[in-house]
Amino acid sequence: MTERKGVSRRGLLGAAGAAVATGVAGYAAHSALSGEESQAADTTGPVEFHGAHQAGIVTPAQDRLHFATFDVTATKRDAVVSLLKEWTAAAALMTAGRDIGQYGAVNGPGEAPPEDTGEAVGLPPARLTLTIGFGPSFLVDAKGNDRFGLKSRRPPALVDLPHFIGDNLDPNRSGGDIAVQACSDDPQVAVHAIRNLARIGFGTTVVRYSQLGFGRTSSTSRAQTTPRNLFGFKDGTNNLKLEDTAKLEEQLWVQPEDGPDWMVGGSYLVSRRIRMTIEIWDRTSLGEQEQIIGRGKGTGAPLGKADEFDPIDFTAKNADGEPKLAMDSHVRLAHPQFNKGAELLRRGYNFVDGSDGLGRLDAGLFFLAYQRDPRKQFIPIQQQLARTDTMNEYIRHVGSGIFACPAGVPAGSFWGEKLFA
Amino acid sequence: MITITVRRATAVAVPLLAGLLLAGCADDKTAAAPGDTTGPVAVKATDSECALSRGEVKSGTSTFSVSNGGSKVTEFYVYAEGDRVMGEVENIGPGLKRDLIVELPTGKYQAVCKPGMIGDGIRGDLNVTGAAAAQIDEDTALKQATESYQRYVNSQAIALEQKTTEFVQAVKGGDVAKAKELFPVSRTYWERIEPVAESFGDLDPKIDARVNDVEPGTEWTGYHRIEQALWEKNTTTGMEKYADQLLVDVKTVVAKAKVVKLNPLQLANGAKELLDEVATGKVTGEEDRYSHTDLWDFQANVEGSQAAVQALRPALQQRDAALVTTLDTNFKAVFAALDKYRVGDGFKPYTATEAEKKQLGAVVDALAEPVSKVAGVIAKK
């Protein structure tokens, strides 16, 4: 780890109490960073928690993920609001690289359990972002009951995802009332964040499931190189990037005309746990692998092109008259040109959750995609992929979720304040 | 044998109470007639009622004369707010009469019979009238907390010895059915005060080790050794020596528990440890893996935790009233979750699905987190 900019957790322990009171509004002044792009290069510094949009969406994708969804066990609206306030205060501290609570991890009274669990002591902020989303079940339960007086606030775009062909969803890895995406360049920082939020939540929420991701599979900035997924291919070359500001308004952020008010400036997250049968994939010839994806495995260039970012030519044909890019290749089926212009901001992570007991790695891609309206973006795209993508022979969707992620949190506000307003 | 629990406000009251205590034992007073405003309160406990000869007593020392006219073993408690145990009598068998002598300051209480020992019990209001109770300072509150909890430990220990004796007799007499019936009952008293018992060195493993807890070369003894024979092989054969050893070990624990001196932090940490036991051993079904009577232990651990926390209640109330509210709510939630598994005087065999275990785990976590904060609040100067 390189020498970090900003402040160390240990150095700040004494200041933690004051930080709670001020909501760390003053933190930006400490930051040596000038903008999002420099954050991609600096893997240790903080990412500002407050802002117009939630951090962790267009923030240049960090290397590590700890994603968790929570079910709310409390039945009172006030209890949920208190929790969201507590979570927000903790999130502001943790993303700034600080311990939570008045005393933090090691400065409290010896007789009491420490307020902060402590495994991030001495670690830099490591670009931690915490992004919250609310699932349909948070607003209306399975029986249609209005749990917290929020039923009428359900955005039409927050639909229940339909069944896609081949879905083999495990209910214990799907859904959830609230999702929190923790991304960081240090895995321990990400785990620390989810662990402490889960702890604060006891009595109000229970963890429904959690997922670790060890490597990013998307770039969300042109300053980043394109990473590889567990098929060994570059993934996310054509992703929406933070530099595409006009396109982000069109494809990513909920606009005032979309409504509802509490979602304007926010985005919808679809999560899919995609198991890859990598052992089978690895027995597939290089040529077939490239045909299935539609890109060269080495360069990441579209088939028939030399460079990763060369424009894709969907009409190019081989000498035998067959298209260079197979009609059922992933790149073609997922491309906006064949999806009425719909795009996604992908932010997925590779995972290997041990092995499956049958001698195979429990490996895959934890797919995360943000968008302005899932009805026009993820759902039709996935319907097309589920029907015809050759890649389906090597993947299985085993977990799923959809969440409404509101706009950013202004200093002094809390997660979901507008939803509860 | 007469089990008597006395609550003393201060050390000064001891000689006086000791006198009353003796009187209660020797005379075995009959209850006062209805209409009396003084004298012992007669409690008619049956399987379905808990009738007090009067619902009002004067502040100071009161005697409750509990006769069990039902068919089940019962317990009698006087609870202050939050089910704080002011005094209790355990293990009152059918046809028996026991006295509870307890000092009650002015206020509102509940008198509770628990036929079958499990659950919320049959509750009635008890009004204690007189001059308003004097405000006590924090040190006094803490001192009273430990004294009150030590009395709780004492009465649990006595019942533990009684019920374990019965269990051991059943095992040695070859009565498999009776032994099976008494197994979870005798363990209830053990589980309520387990952190105290555990503090006495190697007795806990001898009494309560699971088969996988035993060091190679050491003989596996105790409750679970007998449990395995009872449920796996449906026999008591060969268990006689383990039964004898169990009673010897339990008697040693009981003797130590009766004179144990605790401080408020030990109460707080004990309350937390009992919930740790629930979370790690009971929710998972590891504790009573042959009999599946885990929920008895579960309930007993939570009751023991509540007894310790509520003993600290007056002190906690002064320091962190919000925490007290959370504790009350979350203790209730755990008992409510357990009630779903009740059948008759006990619990269904614990063979819960993963989803059910998750639900129980969630209510325990919800309680354990605030309980873990009690020690810090108590320690605050």
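Student: In this predicted model, is the crossing in which α2(B) passes α9(B) left-handed or right-handed?
Tutor: Helix α2 (residues 138-172) of chain B and helix α9 (residues 294-311) of chain B have axes that come within 8 Å of each other and cross at roughly 155 degrees. That angle makes α2(B) roughly antiparallel to α9(B), because angles over 145 degrees count as such. As for the hand of the crossing, α2(B) passes α9(B) in a way that is right-handed.

Student: How many nonpolar residues does the contact of α2(B) with α9(B) have?
Tutor: On the side of α2(B) the contact is made by A145(B), S148(B), Y149(B) and Y152(B), and on the side of α9(B) by A307(B), A308(B) and A311(B). Divided by class, these residues include no charged member and one polar member, while the number of nonpolar residues is six.

Student: Chain A also has a helix pair, α4(A) and α6(A); are these two roughly parallel or roughly antiparallel to each other?
Tutor: Two packed helices are described by the angle between their axes and the distance between the axes. For helix α4 (residues 77-95) of chain A and helix α6 (residues 187-201) of chain A, the axes come within 10 Å and the crossing angle is roughly 155 degrees. The crossing is right-handed, and with an angle over 145 degrees the two helices are therefore roughly antiparallel.

Student: Which residues of α6(A) make the contact with α4(A)?
Tutor: By class, this contact has seven nonpolar, two polar and one charged residues. The helix α4(A) brings L83(A), E86(A), W87(A), A90(A) and M94(A), and the residues that face them from α6(A) are A193(A), N196(A), L197(A), I200(A) and G201(A).

Student: How many residues of domain 2 of chain B are in contact with domain 1 of chain B?
Tutor: The domain assignment divides chain B into domain 1 (11-134) and domain 2 (156-379), and the centres of the two, taken over C-alpha atoms, are separated by 26 Å. On the side of domain 1 of chain B, the residues that touch domain 2 of chain B comprise three nonpolar, four polar and five charged. Twelve residues of domain 1 of chain B take part in this contact, and from domain 2 of chain B the number is 19.

Student: Which helix gives the most to the side of chain B that touches chain A?
Tutor: Between the chains, eleven residues of chain B are in contact with nine residues of chain A. The side belonging to chain B divides into five nonpolar, three polar and three charged residues. With nine residues, the helix that gives the most to this side is α12 (residues 354-379) of chain B.

Student: What are the edge strands of the five-stranded open sheet in chain B?
Tutor: This open sheet has mixed pairing and the strand order β3-β9-β8-β5-β6 (chain B), with a twist that averages 20 degrees from one strand to the next. Within the sheet, strand β5 (residues 74-80) of chain B runs antiparallel to β6(B) and is joined to it by six bridges, where V78(B) has G87(B) as its bridge partner. The strands that pair on one side only are β3 (56-58) and β6 (84-92) of chain B.

Student: In the four-stranded sheet of chain B, which residue of β4(B) does K44(B) stand opposite?
Tutor: The order of this open sheet is β2-β1-β4-β7 (chain B), with mixed pairing, and its edges are β2 (50-52) and β7 (97-104) of chain B. Strand β1 (residues 41-45) of chain B and strand β4 (residues 60-68) of chain B pair in the parallel sense over five bridges. In β4(B), the residue opposite K44(B) is S67(B).

Student: Which residue in the turn between β8(A) and β9(A) has a positive phi?
Tutor: Strand β9 (residues 361-371) of chain A runs antiparallel to β8(A), and five bridges join the two, with F351(A) partnered by G364(A). The two strands form a hairpin with five residues between them, and the turn residue whose phi is positive, at about 85 degrees, is G357(A).

Student: Is the peptide bond from G259(A) to P260(A) cis or trans?
Tutor: Most peptide bonds are trans. P260(A) lies in the loop between α7 (245-251) and β6 (267-276) of chain A. With omega near -15 degrees, the bond from G259(A) to P260(A) is cis.

Definitions and conventions
Residues numbered from 1 in each chain as written. Chains lettered and ligands numbered in written order. Predicted model: local features only at pLDDT ≥ 70, side-chain atom pairs only at ≥ 80, totals over all residues. Domains from an automatic or database assignment. Contact = placed C-beta atoms within 7 Å. Nonpolar A, V, L, I, M, F, W, Y, C, P; charged D, E, K, R; others polar. Pairing = 2+ DSSP bridges. Axes fitted to C-alpha atoms, helices over the stretch in contact; angles between N-to-C directions. Parallel < 35°, antiparallel > 145°, perpendicular 65-115°, else oblique. Left-handed = near helix turned anticlockwise from the far one by under 90°.
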